[in-house]
Amino acid sequence: MRHWARDARARHRLRRRRRNHASGEAVGATGCVLGFDSEPRAIEVARARALVAGYRNIEFVVASDNAFPDRPLFDAAIGRYILHHLADPVATVRRAAEAVRPSGVVAFQEPASHINDQTLPTIDLYAKSEQRLKAAIRAMLPHFDVGGRLVACFEGAGLPTPHVICEALAGGPDSPLWRLFAMAYRSMLPHMVRLNLSPADDDDSDTLADRLVAAAAAVRAQIIAKPQSCAWAIRP
Ligand SMILES: C[S@@+](CC[C@H](N)C(=O)[O-])C[C@H]1O[C@@H](n2cnc3c(N)ncnc32)[C@H](O)[C@@H]1O
């Protein structure tokens, strides 16, 4: 889903809040945001969440990246976790740039899936589960590694070389990252089974989170989660 910000102040605020994609907040009371996704269910969920959070300035529509909603030029176009799904990410970045006014912002965030998560000391269960999850992601996403190729994507789309940052969350045995990983693993389990990827262990995904937390606590492990790549450029 992309969020489109339209307000003279949005660019400045987006720069300050570049780690936060709460575009509805970034544009302020007088600005507005258009979010879109090709999945009606995703749009339903997004609408419900915006309502609960009290954002009245976000419109959500079902649309594909092939046919961006036809609107006047925006101040900013932001995409998160979308390019890795697409057959031609450069074309989508180009369409995003064309939807933004000159001097507007184009920004994309993608997981840096070319970099492994890491725990020290190594936790066997985590390492094997991560390998299996990664194999599924590689098999399912046409551009799983686009987070490591955002510079070429932006330049290929006719934009200037973007600013890029890559950041990762980290923590100890009490970090929520262990459970977050187990949730991601569990949500991908049907695909891993369909792809015939061999299980990490007895494959009890219901208890994976507890087992990971126990293993981490036993050796006082430190985890670095999947880094996130963010790139942004100003449209000439
Ligand atoms: C990993 S989710 C990210 C959702 C949201 N952008 C976020 O950051 O939480 C990827 C989303 O891309 C959507 N998607 C996949 N192909 C698309 C396309 N061609 N056009 C628009 N959305 C697409 C999927 O429906 C899915 O909701």
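This is a predicted model: local features need pLDDT of at least 70, side-chain atom pairs count only at pLDDT 80 or more; totals for chains, interfaces and linings use all residues.
**Exercise 1.** Classify Arg71 and Ala96 as buried or exposed.

*Solution.* 
Step 1: locate Arg71. This residue is in the loop between S3 and strand S4 (74-80). The limit for an exposed residue is 12 or fewer C-beta neighbours. Arg71 has 12 inside 10 Å and therefore counts as exposed.
Step 2: locate Ala96. This residue belongs to helix H4 (residues 89-98). Ala96 is buried because 28 other C-beta atoms lie within 10 Å.
Step 3: For Ala96 and Ala107, 11 residues apart in sequence, the C-alpha separation is 9.0 Å.

**Exercise 2.** Describe the largest nonpolar core and the surroundings of Val106.

*Solution.* 
Step 1: the largest nonpolar core has 24 residues. Those with the most contacts inside it are Ala77, Val93, Val100, Val106, Ala107 and Phe154.
Step 2: assign the core to elements. Two or more residues each come from S4, H4, strand S5 (100-111), helix H6 (150-156) and strand S10 (228-234). S5 gives the most, with 5 residues.
Step 3: list contacts of Val106, leaving aside neighbours within four places in sequence. Among them are Ala77, Val93, Ala96, Leu159 and Trp232.
Step 4: a second, separate core has 16 residues, including Ile123, Leu133, Met192 and Ala225.
As background, nonpolar side chains tend to be buried together in soluble globular proteins.

**Exercise 3.** Which backbone features stand out at Pro121, Asn196 and Arg220?

*Solution.* 
Step 1: recall the background. Most residues other than glycine have a negative phi, and most peptide bonds are trans.
Step 2: the peptide bond between Leu120 and Pro121 is cis, with omega about -5°. Pro121 lies in the loop between strand S6 (118-120) and helix H5 (124-140).
Step 3: Asn196 has a positive phi of about 65°. This residue sits in the loop between helix H7 (177-194) and helix H8 (205-219). With 6 other C-beta atoms within 10 Å, Asn196 is exposed.
Step 4: Arg220 also has a positive phi, near 50°. The residue is in the loop between H8 and strand S9 (222-224). Arg220 is exposed, with 10 other C-beta atoms within 10 Å.

**Exercise 4.** What is the strand order of the open sheet of 3 strands, and which are its edge strands?

*Solution.* 
Step 1: the order is S6-S9-S8, with antiparallel pairing.
Step 2: S6 and strand S8 (170-171) are the edge strands, since each pairs on one side only.
Step 3: S8 and S9 are joined by 2 bridges. Ala170 has Ile224 in S9 as its bridge partner.

Note on methods: Residues are numbered from 1 along each chain as its sequence is written. Helices (H or I, at least four residues) and strands (E, at least two) are DSSP runs, numbered from the N terminus. A residue is buried if 20 or more other C-beta atoms lie within 10 Å of its own, exposed if 12 or fewer, and partly exposed in between; C-beta atoms are placed from the backbone. A nonpolar core is a set of buried Ala, Val, Leu, Ile, Met, Phe, Trp, Tyr and Cys residues joined through C-beta atoms within 7 Å. Two residues are in contact if their C-beta atoms, placed from the backbone, lie within 7 Å. Two strands pair if DSSP finds at least two bridges between them.
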